[in-house]
Amino acid sequence: MDSKPFTEPGVRPPAPVKIVIAGGFGVGKTTAVSSISEIKPLTTEAAITSVAANVDRTGHVPAKTTTTVALDFGCITIDEEVKLYLFGTPGQDRFGFMWQDLVHGALGALVIVDTRRMDDCYPAVDYFENAGLPFVVAVNMFDGALGHNLEDIRWALAVSEDVPLITFDARQKLSVRDALLAVLHNTFKKARAQAGAGA
């Protein structure tokens, strides 16, 4: 049986780029990966038990019946040069030990926040600030409207001006695409700035 190459001769496949999608419990990470992935996403969803519901404070997301316990994985081809591999982190503090492995090798991160639960947003923002990985903060528009001014959100999260702060809807494919493109632009911008500083 003749085997066919995956790509045409002389045509290079898209460069793989790893992006992490992070944030607290129930902010929309799994939804974002599922909305954009060109393959059936790999998810590690488990039912939320009554004990876990008390630990994870599900009051603001009462309709949520499952939660990510390891990671979400999906991919999307941006163009003929770039293919994004998306790794969604678990949101609960007790699974935080997995973040280091999931972030390894990533070029950037999309940190999703829910402004109804600002206290749950700080750990993810702090993590990426300390890790030194370029990231974009994305406010998920759960109700289709922005409940707070973006500058007020930036102040509340203590996010510096050089970190992009955007809004998006994790349920909408094009909105997720634009958020991921913002991550890419931010990563490349910081890489160029570092290259210029080292010249």
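**Helices, salt bridges and cysteines in a predicted model**

Just after H5, alanine 158 takes a positive phi of about 55°. The model is a predicted one.

User: Which residues of H5 are buried?
Analyst: Helix H5 covers residues 150–157. A residue counts as buried when its relative accessible area is under 20%. In H5 the buried residues are Ile153, Arg154 and Leu157.

User: Within what arc do the buried residues of H5 fall, seen down the axis?
Analyst: An α-helix has 3.6 residues a turn, so residues three or four places apart point the same way. The buried residues of H5 line one face of the helix.

User: Which strands and which helix do the buried residues of H5 pack against?
Analyst: Packing is judged by contact, with heavy atoms within 4.5 Å. The helix that the buried residues of H5 pack against is H4 (122–131). The strands are E5 (108–113), E6 (135–140) and E7 (165–168).

User: At the start of H5, which residue has a side-chain oxygen that reaches the backbone nitrogen of glutamate 151?
Analyst: The backbone nitrogen of glutamate 151 is approached by a side-chain oxygen at the start of H5. That oxygen comes to within 2.7 Å of the nitrogen, and it belongs to asparagine 149.

User: How far apart are the closest N and O atoms of glutamate 151 and arginine 154?
Analyst: These two residues of H5 are three places apart, so about one helical turn separates them. Glutamate 151 is partly exposed at 44% relative accessibility, whereas arginine 154 is buried at 8%. A salt bridge has to lie within 4 Å. Glutamate 151 and arginine 154 form one, with their closest N and O atoms at 3.9 Å.

User: Is arginine 171 buried or exposed?
Analyst: Arginine 171 forms a salt bridge with aspartate 169, the closest N and O atoms being 2.8 Å apart. Exposed means over 50%. At 51% relative accessibility, arginine 171 is exposed.

User: Which residues do salt bridges with shared partners join into one network?
Analyst: Nine salt bridges are found in the whole structure. One of them links aspartate 114 and arginine 117, whose closest N and O atoms are 3.2 Å apart. Aspartate 114 is buried at 1% relative accessible area, and arginine 117 is buried at 6%. The network joins Asp114, Arg116, Arg117 and Asp120.

User: Why is helix H1 described as largely enclosed by the rest of the structure?
Analyst: H1 runs over residues 29–36, which makes eight residues. Its buried residues are Lys29, Thr30, Ala32, Val33, Ser35 and Ile36. H1 is largely enclosed because the number of its residues that are buried is six of the eight.

User: The backbone oxygen of which residue does the side chain of serine 35 reach at 3.5 Å?
Analyst: Serine 35 lies in helix H1. Its side chain reaches the backbone oxygen of threonine 31 at 2.8 Å. Leaving aside neighbours within four places in sequence, serine 35 is in contact with Ala170, Arg171, Gln172, Lys173 and Val176. The backbone oxygen that the side chain of serine 35 reaches at 3.5 Å is that of arginine 171.

User: How many disulfides does the count come to?
Analyst: Cysteine 75 is buried at 4% relative accessibility, and cysteine 121 is buried at 3%. A disulfide needs two cysteine sulfur atoms within 2.5 Å. By this rule the number of disulfides is zero.

Technical notes
Residues are numbered from 1 along each chain as its sequence is written. This is a predicted model: local features need pLDDT of at least 70, side-chain atom pairs count only at pLDDT 80 or more; totals for chains, interfaces and linings use all residues. Side-chain values use heavy atoms; hydrogens and water are left out. Buried means under 20% relative accessible area, exposed over 50%, partly exposed in between (1.4 Å probe, protein chains only). Helices (H or I, at least four residues) and strands (E, at least two) are DSSP runs, numbered from the N terminus. A salt bridge is a side-chain nitrogen of Lys or Arg within 4 Å of a carboxyl oxygen of Asp or Glu. The arc is that of the directions from the helix axis to the C-beta atoms. A polar contact is a pair of N or O atoms within 3.5 Å; within protein, one must be able to donate a hydrogen and the other to accept it, and residues adjacent in sequence count only if both atoms are side-chain atoms.
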